[in-house]
Amino acid sequence: MASSKKKAIGIDLGTTFSCVGIYLDGKVDIIANELGNRSTPSYVAFTESERFIGEGAKAQSSTNPMNTVYDIKRLIGRKYHDEIVQQDIRDWPFKVVDKQGCPNVEVMYKNTKELFRPEVISCMIISKMKDVADTYLGENIVDAVISVPAYFNDWQRQATKDAGKIAGLNVLKLINEPTAAALAYGIDKEIQDLGNVLIFDLGGGTFDVAILAIADLKFEVISVGGDTHLGGGDFDSKLVRHFLDIITKKYGVDLSSNPRALGRLRSKCENVKRTLSTSVRANIDIACLFEQTDFHASITRNRFEELCLPLFEKTIEHVRNTLDDAGLSREQISDVVLVGGSTRIP
C-alpha cells in the first residue's frame with residue numbers, strides 16, 4: 001500500500017474511451033492528453049513502422065482496419081470459444097485467433113505477424129494513461145486504482161490487474177465502475193443523507209446498474225447488476241447489420257467478410273448514432289465503399305430505436321432485477337445518476 005505522501009492515479013479503462021485522474025488539493029482533476037482531450041480512445045493501431053495509441057490509432061481504423069484493435073475490454077479474461085467472443089469476432093475487422101484456448105489478436109507489425117494477448121493490448125492503453133499523468137505531474141507515478149464493471153468475474157479482474165502490472169503500475173485496488181460513479185457524484189456535494197441512489201452506467205461496451213445507500217457521508221452498495229457485454233458498440237453493430245442488409249439487397253454484395261469496407265462502415269455508423277441523439281434523421285455517405293461504388297443512405301431515429309429496442313429493454317430488465325435484489329421499489333429510489341456516453345441516446 002502506498003504511503004500517504006505518495007500520489008496515486010485513477011484510471012477509467014473503458015471499452016471505447018479511457019481517462020486518467022488524480023485527487024489533489026481537495027478536488028479530482030481529470031488530466032487532458034497531449035491533444036487537450038480529457039478522454040482517449042481505447043484504440044491501438046500497428047503499422048509497418050510504429051504503433052499508435054488513442055486518437056492516432058482511431059483515426060486510421062477505416063484505412064488500416066485489420067491492424068487497428070479496439071473493444072479489447074470485451075476479450076480480457078475470456079476464453080476463445082466463449083459464445084460472446086465468437087459473436088464479437090464476426091463484427092470486428094481485425095483478426096482474433098485461438099491460442100491455447102485464449103483469444104489473441106493477430107496483427108501485422110513492422111512487416112511481422114504478431115499475436116497479442118488482450119491484457120497486453122490493455123497494458124498499452126493503461127501505459128498511455130500513465131504517460132499522460134506522468135507528463136502532467138512531472139514525475140513517475142507508480143500507484144493506481146483502476147475501474148472495472150461491477151459484473152466482471154474473477155478472471156476478468158485478474159487479467160485487468162495483470163495489464164496494470166505489465167504497464168509498470170502497482171494496482172492498489174480495482175473499484176467497481178458504479179461505485180466510482182457514486183463517489184464522483186457525491187464527492188463535491190455537502191451530503192448527509194441522500195437515501196437510495198441508482199447508478200445507471202451504460203458505456204461503450206458494458207452496462208452496470210447499482211443501488212447505493214448514502215447516509216452520513218458513507219456509501220453502502222446494496223445491490224449490483226448489469227451485463228459485461230452491452231453498450232454503445234452493440235448499438236453500432238445493429239446499425240452496421242442494418243446497412244449491410246441494405247447493401248446486399250441493393251447491390252447483391254455481401255461485405256461482411258471485407259475488413260476494409262466493414263471498418264469504414266462501422267466508423268460511419270458510430271457517427272450516425274451520435275447524430276441521432278440530437279437529430280431525428282441522419283445520413284450516411286461513404287465514397288468508394290466497395291468496387292468504386294459510393295454508398296448513400298439515411299435512417300430515422302425511430303428506425304434506430306426499433307433496431308435497438310431489444311438492447312434498451314435488456315437494460316430495464318437489469319434495473320428491475322437489481323431493484324428486486326435490493327428489496328426496493330422505484331418509489332424508494334431518491335435519485336438516478338446517468339453515467340456513460342450511451343445514456344445520451346434520447
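This is a predicted model: local features need pLDDT of at least 70, side-chain atom pairs count only at pLDDT 80 or more; totals for chains, interfaces and linings use all residues.
1. **Helices α6 and α7.** Let's start with the packing of α6 (residues 232–251) against α7 (residues 259–275). Two numbers describe a packed helix pair, the angle between the axes and the distance between them. Here the angle is about 115° and the axes are 9 Å apart. The crossing of α6 past α7 is right-handed.

2. **What sits in that contact.** From α6, the residues involved are Gly232, Gly233, Phe235, Asp236, Ser237, Leu239, Val240, Phe243 and Leu244. They meet Leu262, Leu265, Arg266, Cys269, Glu270, Val272 and Lys273 of α7. Sorted by class, that gives nine nonpolar, three polar and four charged residues.

3. **Aromatic pairs, starting with a stacked one.** The model has nine aromatic pairs. In one of them, Trp92 and Phe94 are stacked, with 5.0 Å from centre to centre and 20° between the planes. Trp92 and Phe94 are both buried. They also belong to an aromatic cluster, which Tyr43 and Tyr70 complete.

4. **An edge-to-face pair.** Tyr251 and Phe290 make another aromatic pair worth a look. Their ring centres are 5.4 Å apart and the planes sit at 75°, so this pair counts as edge-to-face. It links distant parts of the chain, since Tyr251 belongs to helix α6 and Phe290 to strand β16 (residues 281–290), 39 residues apart.

5. **More on Phe290.** Besides Tyr251, the contacts of Phe290 beyond four places in sequence are Ile247, Val253 and Leu255. For Leu255, the C-alpha separation from Phe290 is 8.3 Å, and the two residues are 35 apart along the chain.

6. **His229.** This histidine is in the loop that runs between β15 (218–227) and α6. Its relative accessibility is 7%, under the 20% cut-off, so His229 is classed as buried. Its side chain makes a polar contact of 3.5 Å with the side chain of Arg74. If you skip neighbours within four places in sequence, His229 is in contact with Arg74, Ile84, Gln87, Asp88, Gly205 and Asp234.

7. **His318.** Where is His318 placed? It is in helix α8 (residues 301–326). His318 is also buried, with a relative accessibility of 17%. Outside the four places on either side in sequence, it touches Phe207, Val209, Gly226 and Asp227.

8. **Positive phi at Asp25.** Most residues other than glycine have a negative phi. Asp25, which is not a glycine, has a positive one near 50°. You'll find Asp25 in the loop between β2 (17–24) and β3 (27–30). Its relative accessibility is 79%, so Asp25 counts as exposed.

9. **Positive phi at Gln292.** Gln292 is not a glycine either, yet its phi is positive, at about 60°. The residue lies in the loop between β16 and β17 (293–300). Gln292 is exposed, with a relative accessible area of 67%.

Note on methods: Residues are numbered from 1 along each chain as its sequence is written. Side-chain values use heavy atoms; hydrogens and water are left out. Axes are lines fitted to C-alpha atoms, for helices over the stretch in contact, and angles run from 0 to 180 degrees between N-to-C directions. Helices (H or I, at least four residues) and strands (E, at least two) are DSSP runs, numbered from the N terminus. A crossing is left-handed if the near helix is turned anticlockwise from the far one by less than a right angle, and right-handed if clockwise. Contact means heavy atoms within 4.5 Å. Ala, Val, Leu, Ile, Met, Phe, Trp, Tyr, Cys and Pro count as nonpolar, Asp, Glu, Lys and Arg as charged, and the others, Gly among them, as polar. Buried means under 20% relative accessible area, exposed over 50%, partly exposed in between (1.4 Å probe, protein chains only). A polar contact is a pair of N or O atoms within 3.5 Å; within protein, one must be able to donate a hydrogen and the other to accept it, and residues adjacent in sequence count only if both atoms are side-chain atoms. Rings of Phe, Tyr and Trp (its six-membered ring) pair if their centres lie within 6.5 Å; planes under 30 degrees apart count as stacked, over 60 as edge-to-face and the rest as tilted.
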